[in-house]
Amino acid sequence: MTETSIRIPTSSRPSGKATFVMLGNGFDEIEALAPVDVMRRAGMKVFTVSMTDKRLVRGATGNNIVADMGISDLNPEHIDWLVFPGADKSEDAVNLDESLNDIVKSHWDKGGNIAAICAAPALILGPLGIIKGVKATGYPFLKEDLERNGGIYSEEPVVIGDRMITSKGPGTTIEFALAIVRKAKGPETEKALREGMVIPECE
């Protein structure tokens, strides 16, 4: 199936600060779309962004997803949170091109918020120096990659810093999403969301 063979809805764009979930080919669908669902339930403004100008993106298990916008539609001034799902090492989703690397680094250097899960902490944030000297977590098999770039690997399912949230993988996705909600909207919103979604409090 090609992008020209299906009807692509009109691109949607924010008018102010928002959260952007970045989708490259091979992205893990659970790690990307479950947080989108949770954050939108919490009332956050969330947009999915294709890492190219082709808005049709292929997920890791073969699901084709139409992103809300292509990369050229992303205005860095509108970014509050950048969220990166994981992917296999060889996939585009964790192999950013130079222009997107520049966007991520600039956002971080200007005090922006970043959340990354599974392979993304080691393979996206690591090479940019964002996790150097910082406690973070990610997919266990990539512990050495994370530490090679100066990260301090944690066995916790979710690690919450001042401006960065990292998480281990598909099984920790809901807690990852709720951690973003807690940072962005406050603990009362997270609590109400847990009750509404029947998600028990972490011990």
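Reply: Happy to; what follows is a chat about the terms and the values behind them. This is a predicted model, where local features need pLDDT of at least 70, side-chain atom pairs count only at pLDDT 80 or more, and totals for chains, interfaces and linings use all residues. Residues are numbered from 1 along each chain as its sequence is written, and side-chain values use heavy atoms, with hydrogens and water left out.

Me: What makes β5 and β6 a pair of strands?

Reply: Strands are DSSP runs of E with at least two residues, helices are runs of H or I with at least four, and both are numbered from the N terminus. Two strands pair if DSSP finds at least two bridges between them. Strand β5 (residues 79-84) and strand β6 (residues 113-117) are joined by four bridges, so they meet that rule. They run parallel, and Phe-84 has Ala-116 in β6 as its bridge partner.

Me: Which strands form the open sheet, and in what order?

Reply: There are six, in the order β2-β1-β5-β6-β10-β9, with mixed pairing. β2 (46-50) and β9 (158-160) are called edge strands because each pairs on one side only, pairing being that rule of at least two bridges. On average, neighbouring strands of this sheet are turned by 15° against each other, direction ignored.

Me: How do you know that helix α2 packs on the sheet?

Reply: Helix α2 (residues 98-109) touches β1 (18-23), β5, β6 and β10 (164-167), where contact means heavy atoms within 4.5 Å. The direction of α2 makes about 125° with that of β5. Axes here are lines fitted to C-alpha atoms, for helices over the stretch in contact, and angles run from 0 to 180 degrees between N-to-C directions.

Me: Why is the meeting of Lys-135 and Glu-156 called a salt bridge?

Reply: The term needs a side-chain nitrogen of Lys or Arg within 4 Å of a carboxyl oxygen of Asp or Glu. For Lys-135 and Glu-156 the N to O distance is 2.9 Å, so the pair qualifies. Lys-135 is in strand β7 (residues 135-136) and Glu-156 in the loop between β8 (152-153) and β9, 21 residues apart. The whole structure has 12 salt bridges.

Me: Why is Lys-135 called partly exposed?

Reply: Buried means under 20% relative accessible area, exposed over 50%, and partly exposed in between (1.4 Å probe, protein chains only). Lys-135 has 44%, so it is partly exposed. Glu-156, at 35%, is partly exposed too.

Me: What makes Glu-175 and Arg-194 a salt bridge?

Reply: Their N to O distance is 2.6 Å, so it passes the cut-off. Glu-175 belongs to helix α5 (residues 173-185) and Arg-194 to helix α6 (residues 187-197), 19 residues apart. Glu-175 has 22% relative accessible area, so it is partly exposed, while Arg-194 has 4% and counts as buried. Arg-194 also meets Glu-201 in a salt bridge of 3.7 Å, N to O. Salt bridges that share partners join Glu-175, Arg-182, Glu-190, Arg-194 and Glu-201 into one network.

Me: How do you know whether Cys-118 is buried or exposed?

Reply: Cys-118 has 10% relative accessibility, so it counts as buried. Its place is in the loop between β6 and α3 (120-125), and its phi is near 65°, a positive value in a residue other than glycine.

Me: And what makes Val-198 exposed?

Reply: Its relative accessible area is 71%, so Val-198 is exposed. Val-198 lies in the segment after α6, with a positive phi near 60°.
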